[in-house]
Amino acid sequence: MSLSMPLLWVVLPFVVAAASFAFLNKRILGIVITAITAFGLSLLAILFPEDLTLSIGPVQLVFTESLAILGRQITIAYEILPFISFIFAVTGLWSLNSGTPSIPEIFRPISLMITALLTAAMGVEPFLYAALFIQAAVLVSVPILSPVTKKTNPGILRYLTLQTLALPLILLAGWLLTGVETLPPDSPKVAQTTIVLGLGFALWLGIFPFHTWVPMVGEDSQPAIMIYLMTLFPTTILTFSLNFFDRYTFLRTSENLYIILGTMGALMVIFGGVWTMFQDNLKRAFGFAALAETGFSLLALSLLPQGGARWMLMLFPVRALGFWLWGYALTQIEKYADSLTISSVIGLARRYPLLSSGLILAQLSIAGLPILAAFPIKINLLTAVAGTNQTIGTLAFIGNLGLFLFTLRLAANLVSPKNKDVSHRWSISEKRFEYIPLLIVILLLVILGLFPHTIFAKITDTLTAFTQLQ
Amino acid sequence: MSILSTLAFVLIVITAMVILIFRDWRINTLALAVQYLAAFALVTLSWPLGMAVVKVITGWMATAAIALTCLRQYPTETATEPNASMFFRGLSGLLVIMVIFVISPSLQENLFPSIDLVIVQGGLMMIGMALMQLGSSAEPYLTIISLLSLMGGFEVIHAGLERSTLLTGLLVIVNLGLALVGVFFIIKSGDKEKQTLIEEEVK
């Protein structure tokens with residue numbers, strides 16, 4: 001029996017998501033179905049045999065990589081499967097965290113749809129049509145970011161507008177790129193194409209000055225949803241961007257482009273870091289920290305000739321875990337605090353020490369504290385950046401301190417007593433089901449920090465899909 | 001330049017100005033529907049009629065979805081605002097028209113030599129006016145109308161560059177998706193307003 005791989009990783013999650021809409025009010029069933037689908041597909045992607053043949057008892061399923069659709073193809077190459085496994089695992093993890101009443105019921109089916117659309121984006125041929133799938137994923141994400149019960153935030157409109165503006169630019173760049181390969185590097189057309197393409201990516205990734213929606217949406221939306229989207233979208237877009245470097249020599253060999261990427265990366269890190277430091281709203285602080293993380297990815301991209309793509313890919317899973325812990329802790333804390341501002345969480349650690357520690361450790365892990373997951377990758381990255389350009393390296397280092405300082409400020413407020421006249425005893429008020437997932441992820445972050453090349457190193461196999469970048 | 005394409009271009013300029021100046025949903029949705037018809041006329045210069053008609057049908061479907069939702073949510077509401085704001089938007093619209101007339105010949109010559117000037121001008125006019133609208137309003141339904149107009153303008157130009165069934169299909173999905181998001185926003189804002197009215201009556 002012959003099947004195609006896009007049926008598994010694009011069509012199936014869509015069908016499951018559509019079916020899930022039928023029992024939206026059955027929370028547990030929804031979580032189970034979404035988690036099984038997402039983790040199942042993630043596991044299948046990582047264990048999929050190279051000969052694309054699955055044997056289940058007497059039945060032999062032979063898979064083909066492509067699915068023809070309206071004269072074009074969606075191709076899920078074997079080489080891209082580690083990345084697909086990663087995005088489905090992220091969706092699975094977040095679906096486990098979706099039982100909280102503050103997360104809308106439609107989050108689960110929509111998260112599956114978004115993952116399926118982003119998978120299709122990674123595989124569509126011609127690859128520039130990916131922009132349309134990403135746009136579809138953006139449109140699908142609006143109802144979960146801005147639930148019916150809440151007033152429409154201007155940040156959501158800005159998010160929708162800026163993401164939609166990226167679509168024409170990427171498609172136009174795709175058309176311009178067709179003739180550029182044969183032109184000399186100093187041709188004005190090469191510069192025009194690079195500018196159009198760069199603008200498209202800047203809009204997608206929320207790069208300065210198109211970043212304003214990130215903290216606005218972060219402040220207004222449910223933290224878990226925002227963090228989930230800020231994990232999935234930039235990750236997929238950055239991986240998609242490798243296609244351009246892989247296919248177009250003029251981009252791969254342009255030293256100026258790497259300088260621009262490095263400068264923009266350092267600006268994002270310093271901008272995001274410094275703004276994080278001064279935030280009072282914990283959700284808004286996440287928005288700025290996410291911008292700084294995009295900056296780190298850009299810094300990794302600026303080191304593409306020195307193997308920066310490997311660092312960029314290795315940062316994805318540790319960032320995803322850190323973000324998950326951050327989102328999980330915020331979602332739980334939101335239940336116990338009046339609001340997610342620093343003044344509202346004063347003394348919270350005395351009643352909820354495990355949740356508070358989870359939040360602090362998540363931020364420290366993202367910031368790159370030694371023995372936590374991001375440290376080995378970030379230290380290598382910063383060293384390499386400083387080796388190439390000292391100014392950019394120093395700026396990135398200073399920017400990264402912003403999240404550290406914010407975390408210290410938050411920790412000081414979490415542990416100080418709310419009312420100075422009344423003595424508050426320390427107690428563990430969290431329920432077991434609340435802190436067990438937290439402890440597991442913290443343990444995982446420590447293991448990853450100590451042995452960075454163990455669990456998630458396979459994601460770097462994604463690079464085999466980009467033959468020129470290995 | 002045929003009479004049809006000139007007429008289509010003039011219609012695009014008028015409808016884009018109307019969308020920019022007025023805030024009444026009835027006027028705006030009508031203008032958007034006419035704008036899609038004009039855009040269709042420009043697309044027929046690059047594509048066969050059978051394929052170009054997809055654009056106008058999709059556009060009208062999107063417009064109908066928004067108009068019917070507005071009709072349900074604000075059946076009696078009419079937008080009132082000072083003449084000065086309308087005048088200011090009119091002036092900014094004129095500025096956009098001038099800029100587009102100035103830049104489109106060189107843009108067509110350098111970037112899109114294979115496309116007629118009228119197509120480039122028509123597409124840029126829709127894009128330019130939509131961008132101006134996006135910068136001057138934070139109303140959800142106006143944002144969606146502007147995004148639909150912007151996508152329409154891009155599609156007019158892109159039709160001259162590439163012809164792909166999959167791309168057309170995906171753009172249909174994006175346009176209808178945008179319209180559905182618009183419907184979602186309008187329902188939200190309408191329900192909120194109704195809720196506030198009920199709460200005030202109860203008080």
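Biologist: Is the crossing in which helix 11 of chain A passes helix 17 of chain A left-handed or right-handed?
Modeller: Helix 11 of chain A passes helix 17 of chain A in a left-handed crossing (near helix turned anticlockwise from the far one by less than a right angle). Helices (H or I, at least four residues) and strands (E, at least two) are DSSP runs numbered from the N terminus. This is a predicted model, in which local features need pLDDT of at least 70 and side-chain atom pairs 80 or more, whereas totals for chains, interfaces and linings use all residues. Residues are numbered from 1 along each chain as written, with chains lettered from A and ligands numbered from 1 in written order.

Biologist: Turning to chain B, how do helix 3 and helix 6 run relative to each other, parallel or antiparallel?
Modeller: Helix 3 (residues 49-73) and helix 6 (residues 140-159) of chain B have axes that come within 12 Å and cross at roughly 175 degrees. The two helices of chain B are therefore roughly antiparallel. In helix 3 of chain B, B:Lys55, B:Gly59, B:Ala62, B:Ile66 and B:Cys70 take part; their counterparts in helix 6 of chain B include B:Tyr141, B:Leu148 and B:Glu155. This contact divides into seven nonpolar, two polar and two charged residues.

Biologist: What is the mean pLDDT of chain B?
Modeller: The mean is 88, and 91% of the residues of chain B reach 70 or more (pLDDT is the predictor's confidence in each residue, from 0 to 100). For the complex, the predictor gives an ipTM of 0.91 and a pTM of 0.91.

Biologist: How many residues does each chain give to the contact?
Modeller: Chain A gives 22 residues and chain B gives 26. Helix 6 of chain A supplies the largest share of the side of chain A that touches chain B, eight residues. That side of chain A has 15 nonpolar, five polar and two charged residues.

Biologist: Which strands form the antiparallel sheet in chain A?
Modeller: Three strands of chain A form an open sheet in the order 4-5-6, with antiparallel pairing (strands pair if DSSP finds at least two bridges between them). Strand 4 (66-69) and strand 6 (124-125) of chain A stand at the edges with a single partner strand each, so one side of each is left without a neighbour in the sheet. Strand 4 pairs with strand 5 (residues 72-75) of chain A over four bridges, and A:Leu67 stands opposite A:Ile74 in strand 5.

Technical notes
Axes are lines fitted to C-alpha atoms, for helices over the stretch in contact, and angles run from 0 to 180 degrees between N-to-C directions. Angles under 35 degrees count as roughly parallel, over 145 as roughly antiparallel, 65 to 115 as roughly perpendicular and the rest as oblique. Two residues are in contact if their C-beta atoms, placed from the backbone, lie within 7 Å. Ala, Val, Leu, Ile, Met, Phe, Trp, Tyr, Cys and Pro count as nonpolar, Asp, Glu, Lys and Arg as charged, and the others, Gly among them, as polar.
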